[in-house]
Amino acid sequence: METRPGEREFSNGDAYSGQLKGTLPHGKGKYVWSDGIIYEGDWEEGKISGKGKLIWSSGAKYEGDFSGGYLHGFGTMTSPDGSVYSGAWRMNVRHGLGRKEYCNSDSYDGSWKEGVQDGSGSYTWINGNRFLGNWKKGKMSGRGVMSWANGDLFNGFWLNGLRHGSGVYKYADGGFYFGTWSRGLKDGNGVFYPAGSKHPSLKKWHRSFGYDDTGNFVLSHDSSINLDELRASKAVSRSLSEITTTSGLTRNSGRMSERFLDENWSTSDPPRDFMHHGPSSKSVRSVDSGQSEARDKNPIVFEREYMQGVLIKERIMSSIDMSHRARPLDRTKEITIGACMSFLGGKWNYYLMLNLQLGIRYTVGKITPVPRREVRASDFGKRARIMMFFPKNGSQYTPPHKSIDFDWKDYCPMVFRNLREMFKLDAADYMMSICGDDGLREISSPGKSGSIFYLSHDDRFVIKTLKRSELKVLLRMLPRYYEHVGDHENTLITKFFGVHRLKLKWGKKVRFVVMGNMFCTELKIHRRYDLKGSSQGRFTEKKKMGEKTTMKDLDLAYEFHMDKLLREALFKQIYLDCSFLESLQIIDYSLLLGLHFRAPDQLNDILEPPNAMSDQENDSVSSVEVMPREPSIPPKGLLLVTHEPSSVNTAPGPHIRGSTLRAFSVGEKEVDLILPGTARLRVQLGVNMPAQAHHKVRQDEEEESGMVELFEVYDVVVYMGIIDILQEYNMKKRMEHTCKSMKHDPMTISAIEPTLYSKRFTDFLLKVFPEKA
């Protein structure tokens, strides 16, 4: 059918003039909606497709490519506030390479995904600050370099817009600090080199991110966006128009006026100004760069330890002795074949991770669309399996992949699908966390089981290899476990999200369980303990102790005092969980305890003038509400207040499902935890629980290597959960354990009995968490 010129007016007040194919716009034409929106450009059988210009009554304007009624391809959007975006679009959102100039004169040049900055890009603030590096969901995440207008520079890792991980900070006066950060604050050990002292070479770090040997910013050619070349590339998919059903013109016009106005020019705010990241306050200058004035001729450097931005330890050493301590930046996030060497050899470990991701993506995608129903007895049986073969070249049911051929088995898929929903985990988020492009990270095992542990890139999930005996225990206990977690939403027992088995092409079988990471929290975990209530071999050698070492019972030198109702809720659930494990003849489980220490307020007074806020404290936690320090807040490290759902993040985490706890100190009401100057957090069982840790100081302790402890009593935030629940009671193991224990620790002789084990376990915890006098 040939096109012909024509005009049409509709009963709703819309009007069209241009070429028609039958009764549908086709070719060049102009459409005017009754609410003032105007489109002029190409049409294809009633849909806007091709090149054109769209103008909204608000003043917003788009000029560029369309496909199937969507902004799709390359185009320029001018918003009513004056901001301009030129670059790639996909179905009405910015997606691909593009440049945006904000109304406040900030600009971003780089990669976009689903409407926000995601990938590599450069952001320049009007005040002269500039960030070049990786972005994720609109925030600086991954490796990147920030340069401030005052001459300071940071090269290292970021998370949710804040410095997080290892990095090097260069001060404008020439001083350097090599160390680690947590949510924007210096946290952990580091080395400070005053101006004039000898420091490690920065050439490799600077060159990798567009800086020359002197540290001056140089934007490489690859980092900039050539909009003309991008437009000429014609990277526009036309497939959308083919799968979009043809509908009436009036129906399409309604979608135009609503979808574009809601999704396109009303964009998110630009990233906040990072001027305060630089050490502009007097307190920070006095701690770091200010010390370098009289030391230019004296090659002295400082080994330091920080806690939430507060200096708690310092030792002076020569720069020669300390030069070897500055290590290259931590690259554990980058999974390479050569980095995975502990299981089956490096490349096989890499294949193992790829196969695991492929299998989980397949089974979760297969079971999720199935309508939800209550589980049946058959869902727990031997036939409750999904099995699939994944050839390297793909098949009718599986995609091609870069790994090796493998067989996949998914156990009890309907049960674990319901468990994930019970734990309020979104299936898409679950798959993206484990199966996303960022991959998995291998972590060392904290115990003697010999299991391999993987961590998802966002730290939400832990994947552990299982022995065959452990798999049998888990499948045998699964019906009771399903019932227990359904009846007790505050359970401290490990959350299980899936059990799988891989069989590699040479016959090796590897079994996995996916669990929630109990230490996936907003705050940094400074100390970790695996507690069983036993003294037999339950200590860690000093030479093996590190920042992330999981220590044992005899290493715990603290008693924890907490609110009366919080403690009651804790022990009520511990008794319920222990009784459940006892009924299943489960033995040898542990309490995994994590501690976040808060720096005492008196230390802040030493490093800051009164009523001043640290420049680093301003940006410590981005995923929760940032609380200003007001005179009305008492000078405490922790503060309990009445729960306000609108003020805290109430979304469940991978190990969080329970209700908000009540505290005696606020009139038995549900409570939130305020960390003055930092964050407000929801208090749940085993999560964000405030306490005071009393350090059991020994009288014969001596100062070591000139390091000075500045305090002995701590405000702490406690995280905990019951783990290692797959060891079942049997008579043979009991006899072996008894014979061994008679020579060492009489307490453990009868502890192998499930009943006595749970009693010893709870008695030990009663001593660790004593009732207040």
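**Close-up views of salt bridges and a buried glutamate**

View 1. D65 counts as buried because its relative accessibility is 4% (buried means under 20% relative accessible area, exposed over 50%, and partly exposed in between, with a 1.4 Å probe and protein chains only). The model is predicted, so local features need pLDDT of at least 70 and side-chain atom pairs count only at pLDDT 80 or more, while totals for chains, interfaces and linings use all residues. Residues are numbered from 1 along each chain as its sequence is written, and side-chain values use heavy atoms, with hydrogens and water left out. The side chain of D65 forms a salt bridge with that of K51, at 2.6 Å from N to O (a salt bridge is a side-chain nitrogen of Lys or Arg within 4 Å of a carboxyl oxygen of Asp or Glu). D65 lies in strand β6 (residues 61–67) and K51 in strand β5 (residues 47–55), so the pair ties together parts that are 14 residues apart in sequence. Helices (H or I, at least four residues) and strands (E, at least two) are DSSP runs, numbered from the N terminus. K51 is partly exposed, at 33% relative accessibility.

**View 2. R304 and E314, a pair between β19 and β20.** The side chains of R304 and E314 meet in a salt bridge of 2.8 Å, N to O. Because R304 belongs to strand β19 and E314 to strand β20 (residues 310–318), the bridge ties together parts that are ten residues apart in sequence. R304 is buried, with a relative accessible area of 1%, whereas E314 is partly exposed at 28%.

**View 3. E305 and its contacts.** E305 is found in strand β19, which covers residues 300–307. With 16% relative accessibility, E305 counts as buried. Leaving aside neighbours within four places in sequence, E305 is in contact with G188, N189, V310, L311, I312 and K313 (contact means heavy atoms within 4.5 Å).

View 4. A salt bridge joins the side chains of E421 and R372, at 2.7 Å from N to O. The pair links distant parts of the chain, 49 residues apart: E421 is in helix α8 (residues 413–422), and R372 is in the loop between α7 (346–367) and β21 (385–390). E421 is partly exposed at 35% relative accessibility, and R372 is partly exposed with a relative accessible area of 42%. R372, E374, R417 and E421 are linked in a network of salt bridges. The count of salt bridges comes to 20.
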